[in-house]
Amino acid sequence: MSTSTDPRASTDWDPRSWRDRVALQQPHWPDAEAHARALKELGVLPPLVFAGEARELTESLAAVAEGKAFLLQAGDCAESFDTVADSIRDRLRVILQMAVVLTYFTGVPVVKVGRIAGQFAKPRSSDTETIDGVELPAFRGHIVNDVGFTAEERLADPQRLLTAYNRAAATLNLLRAFTKGGFASLSRVHQWNREFVAASPAGQRYEALANEIDRAVQFMSACGINSETLTDLRQVDFYTSHEALLLDYEEALTRQDSLTGDWYDCSAHMLWIGERTRQLDGAHVEFLRGVRNPLGCKIGPTATPEEVLALCEALNPDRQPGRLTLITRMGATKVVDLLPPLLKAVSESGHPVVWVCDPMHGNTFTADDGRKTRHFEDVLAEVSGFFAAHRYTGTHPGGVHLELTGDDVTECLGGGSDLVTADLADRYETMCDPRLNGSQSIDLAFRLGELLRNGNN
Ligand code: PEP
Ligand code: CO
């Protein structure tokens with residue numbers, strides 16, 4: 001990796017070219033000098049991921065685009081700097097459990113991508129927040145400021161850019177240790193469940209499936225195929241992703257791959273553009289079109305077929321399979337009407353996109369107690385409508401994009417243990433959007449598995 005300009009790279013783009021465009025959702029940093037110093041420091045720190053890993057993920061996503069694999073992209077809405085190791089482990093564990101369930105039902109590999117190790121920046125609908133007549137800057141994620149409602153906590157602090165890098169590095173290190181060091185071994189499908197949901201209906205269902213997998217693992221072992229002879233049984237490929245929102249942070253971690261001369265944003269394997277920053281002539285599209293990581297782009301209910309096609313052209317002009325994932329988030333009641341025209345337009349254009357359903361962000365509402373929440377049944381209904389839309393147009397439903405945690409929080413309603421509004425106050429811990437808890441997540445995996453198995457794809 002180097003930061004010098006390589007003649008092999010394209011000349012109409014460089015990591016700074018986004019600066020000539022309008023960049024929405026960027027914080028105001030009162031201490032401009034400290035901000036510049038932090039970026040300079042970030043610019044010489046080691047990359048968090050290796051370009052070759054991003055290329056591998058692109059290949060796996062190409063298989064998803066063809067319907068030969070399924071993408072599970074999941075994790076926090078807004079990661080906290082205070083996340084402890086057990087919570088990181090539990091988030092990974094619930095994603096691995098969901099992947100096992102989905103693999104079992106679909107019979108195809110599940111590509112696992114976390115919203116983790118860098119998901120620290122949040123777009124906001126307003127620059128400020130007013131409580132009891134007091135107006136302060138909005139909370140923009142731990143990479144910018146703190147969630148508490150005091151002027152000091154809401155001040156954008158450039159030191160946080162460096163803390164974000166360090167937290168991402170530590171989280172990624174732990175994930176690599178867990179996924180390559182034995183924790184993710186298929187022979188541990190039971191252990192993952194142990195002190196978790198074994199008692200809940202979803203946990204019991206998982207336990208029964210784990211028994212079947214155990215028998216299959218024993219059978220293979222008797223045939224001489226075990227985790228000693230086959231590393232695939234012992235290790236898991238797990239990738240990281242986050243919304244590429246703070247462009248100067250992303251720019252500082254963008255490096256030129258010495259093997260190919262291409263630029264990679266080395267803050268994560270995959271980056272996505274949010275619903276609020278996907279303007280064609282905006283800074284986010286400009287920045288991301290030039291890095292070779294696999295990209296995501298959120299597509300909400302206002303998107304027209306023309307806009308979506310233009311995004312495909314801008315972000316994937318070479319039509320490379322796996323390069324572009326469109327993450328639709330329409331809302332449960334709208335998806336069957338709004339999605340088919342987009343699927344049809346893209347499919348007719350020949351663009352090889354991965355279609356993924358985010359059934360979270362179109363289904364948020366305020367509960368009677370004033371808390372932001374989502375209902376499990378709406379989440380399920382949007383995914384079901386997404387599958388139906390693909391069936392209708394003859395395209396592949398590539399996967400799901402979820403906000404979840406392994407912790408036993410009470411943020412979303414419904415699900416196996418049927419959370420009601422009165423329960424929300426118990427453990428409502430999110431700093432931003434409501435997340436599915438561990439047992440709701442496992443429950444959802446089974447329900448998705450059933451939908452997929454029953455020919456709904
Ligand atoms: C998010 O993914 O947390 C988010 C803000 O989503 P969207 O851009 O789709 O609103
Ligand atoms: Co969110």
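This is a predicted model: local features need pLDDT of at least 70, side-chain atom pairs count only at pLDDT 80 or more; totals for chains, interfaces and linings use all residues.
Residues are numbered from 1 along each chain as its sequence is written, chains are lettered from A and ligands numbered from 1 in the order in which they are written, and side-chain values use heavy atoms, with hydrogens and water left out. Helices (H or I, at least four residues) and strands (E, at least two) are DSSP runs, numbered from the N terminus.

**Helix α2**

- Helix α2 covers residues 51-65, and its 15 residues reach 21 Å from first C-alpha to last, close to the 21 Å expected at 1.5 Å a residue. The expected span is 1.5 Å times one less than the number of residues.
- Several residues of α2 are buried, including Ala-51, Gly-52, Glu-53, Leu-57, Leu-61 and Val-64. Here buried means under 20% relative accessible area, exposed means over 50%, and partly exposed lies in between (1.4 Å probe, protein chains only).

- Among the buried residues of α5 are Arg-160, Leu-161, Leu-162, Tyr-165, Leu-172, Phe-178 and Thr-179.
- The buried residues of α5 pack against α1 (32-43), α3 (85-106), β5 (238-243) and α7 (247-252). Contact means heavy atoms within 4.5 Å.
- Thr-179 lies in α5 and is buried, with a relative accessible area of 3%.
- Not counting residues up to four places away in sequence, Thr-179 touches Leu-92, Ala-184, Arg-234, Gln-235, Val-236 and Phe-238.
- Just after α5, Gly-182 takes a positive phi of about 115°.

**How α1 meets α5**

- The axes of α1 and α5 come within 8 Å and cross at roughly 25°. Axes are lines fitted to C-alpha atoms, for helices over the stretch in contact, and angles run from 0 to 180 degrees between N-to-C directions.
- The two helices, α1 and α5, are therefore roughly parallel to each other. Angles under 35 degrees count as roughly parallel, over 145 as roughly antiparallel, 65 to 115 as roughly perpendicular and the rest as oblique.
- From α1, His-35, Ala-38, Leu-39, Glu-41 and Leu-42 meet Leu-161, Leu-162 and Tyr-165 of α5.
- Sorted by class, this contact of α1 with α5 has 6 nonpolar, 1 polar and 1 charged residues. Ala, Val, Leu, Ile, Met, Phe, Trp, Tyr, Cys and Pro count as nonpolar, Asp, Glu, Lys and Arg as charged, and the others, Gly among them, as polar.

**Helix α6 and its two partners**

- Helix α6 (residues 201-222) and helix α12 (residues 438-453) have axes that come within 8 Å and cross at roughly 55°, so α6 and α12 are oblique to each other.
- The crossing of α6 and α12 is left-handed, a label used if the near helix is turned anticlockwise from the far one by less than a right angle, with right-handed used if clockwise.
- Ala-202, Arg-205, Tyr-206 and Leu-209 of α6 make this contact with Ser-439, Ile-442, Asp-443, Phe-446 and Glu-450 of α12.
- By class, the α6 and α12 contact has 5 nonpolar, 1 polar and 3 charged residues.
- The axes of α3 and α6 come within 11 Å and cross at roughly 65°, and the crossing of α3 and α6 is left-handed.
- In α3, Gln-97, Val-100, Val-101, Tyr-104 and Phe-105 meet Arg-205, Tyr-206, Leu-209, Glu-212 and Ile-213 in α6.
- The residues of the α3 and α6 contact divide into 7 nonpolar, 1 polar and 2 charged.

**Residues to look for in the loops**

- Most residues other than glycine have a negative phi.
- Ala-117, in the loop between β2 (110-115) and β3 (128-131), has a positive phi near 60° and is buried at 2% relative accessibility.
- Arg-319, in the loop between α9 (305-315) and β10 (324-328), has a positive phi near 55° and counts as partly exposed at 33% relative accessibility.
- Gly-406 lies in the loop between β14 (399-403) and α12 and is buried, with a relative accessible area of 7%.
- Gly-406 and Asp-76 are 330 residues apart in sequence and 9.8 Å apart in space, C-alpha to C-alpha.
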